[in-house]
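I opened this notebook page to record what I looked up in the structure shown below. The entries follow the order in which I went through the chain.

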Amino acid sequence: VLVTAVAVGYVGLKLRSHEPIEKQTRFLMDTYCTIQIPGGAQVRPIIAKALDRAEEIDQQFNPINPGSPLYAFNQKGTPITQSDIVALVQTALEVSKQTDGAFDITVFPLVELWGFDGSSGSSPHLPEKKQIDACLKKVGWQNLVIEGGKLTKLKDDVKIDLGAIAKGYAVAEAVRVLTNAGIRSALVDFGGDIYALGTRYQKPWRIGIRKPVHDGGVLAGLELSDLSLATSGNYERFFEKDGVRYCHILDPKTGYPAQAIAGLTVITPDATLG
């Protein structure tokens, strides 16, 4: 059984003979997003620009933001023509097909039902089975259609949530901004979705895989260079009822949270796919 957990980037303590690590953090996508670069004050505007791009994605890809294309699509059925959103949905649909629907961005009605959507006045709770069964009728990636660069849906009550893929995309976009600015060494850490760009003082970036319990321990340490690491687990967003833990990772086939695995980490060059 895989028991890997949220990954946290960490750097060595002996930095005296090197340039200092410049680091900035913003709270985006319901998590802390941090970018660190060896380079001092001159890289601050570059980090800010990369975080600006992540913030833009957070706003535009957020289904509970009334100003986002996703909100208009979910609530009013307004087709989405914004190219980067359509392209990301296309990637999501390809993964849905390859996984026989295990990955499905149309689970948003279930996310709302369980109270994991993050909207004001919503809190996680255990719905009745009849509510879950009714909600499952709204779920199905096959109800999304992309034609001529436009995303539409076959059923009015279909809603999408890109949370499971947009954070990885934001990491990839942040790395793109950094590399376009000439940065060759950086660690981008968006709440468990990480990209290690280049090396840290000619050595790979060291990444700690946290244990799937809140004791602060590290399960394993990895050395990564030009690779992404993405982790999901049942220990960051959850509630417990009658001794059972219910997490935010929902199974689109059953309508209930996944139970079999405490956490899972994927390492790949493509942060979006991870």
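Is Gln 202 buried or exposed? I found that Gln 202 counts as exposed, at 71% relative accessibility, where exposed stands for over 50% relative accessible area, buried for under 20% and partly exposed for what lies in between, with a 1.4 Å probe and protein chains only.

Before going further I noted the ground rules. This is a predicted model, in which local features need pLDDT of at least 70 and side-chain atom pairs count only at pLDDT 80 or more, while totals for chains, interfaces and linings use all residues. Residues are numbered from 1 along each chain as its sequence is written, and side-chain values use heavy atoms, with hydrogens and water left out.

**Entry: loops with positive phi**

I placed Gln 202 in the loop between strand 7 (193–197) and strand 8 (205–210), taking helices (H or I, at least four residues) and strands (E, at least two) as DSSP runs numbered from the N terminus. Although Gln 202 is not a glycine, its phi is positive, at about 65 degrees. I kept in mind that most residues other than glycine have a negative phi. I then looked up Asp 226, another residue other than glycine with a positive phi, near 55 degrees. Asp 226 sits in the loop between strand 9 (218–224) and strand 10, and it counts as partly exposed at 39% relative accessibility.

**Entry: Ser 228**

I moved on to Ser 228, which belongs to strand 10 (residues 227–233) and is buried, with a relative accessible area of 2%. Which backbone oxygen does the side chain of Ser 228 reach? I read off the backbone oxygen of Thr 268, at 2.6 Å; a polar contact here is a pair of N or O atoms within 3.5 Å, where within protein one must be able to donate a hydrogen and the other to accept it, and residues adjacent in sequence count only if both atoms are side-chain atoms. Not counting residues up to four places away in sequence, Ser 228 touches Ile 194, Tyr 195, Val 266, Ile 267, Thr 268, Pro 269, Asp 270 and Ala 271, a contact being heavy atoms within 4.5 Å.

I found Gly 40 in the loop between strand 3 (31–38) and helix 1, where it is buried with a relative accessible area of 9%. Its C-alpha lies 6.4 Å from that of Glu 19, which is 21 residues away in sequence. Residues up to four places away set aside, Gly 40 touches Pro 20 and Glu 22.

Ala 48 is in helix 1 and is partly exposed, with a relative accessible area of 22%. I noted a separation of 9.0 Å between the C-alpha atoms of Ala 48 and Ile 35, which are 13 residues apart along the chain. Neighbours within four places in sequence left aside, Ala 48 is in contact with Gln 24 and Arg 26.

I listed the buried residues of helix 2 (residues 69–76) as Pro 69, Leu 70, Ala 72, Phe 73 and Asn 74. What do these buried residues pack against? I recorded helix 1 (44–60), helix 3 (83–98), helix 4 (108–114), strand 4 (144–147) and strand 5 (150–153). Gly 77 follows helix 2 and has a positive phi, near 75 degrees.

Lys 159 lies in the loop between strand 5 and helix 6 (163–180). Lys 159 counts as buried, at 18% relative accessibility, and a polar contact of 3.3 Å joins its side chain to that of Glu 112. Leaving aside neighbours within four places in sequence, I found Lys 159 in contact with several residues, among them Asn 74, Gln 75, Phe 108 and Glu 112.

**Entry: the whole chain**

Along its principal axes the C-alpha trace spans about 65 × 45 × 35 Å. Of the 274 residues, 48% count as buried.
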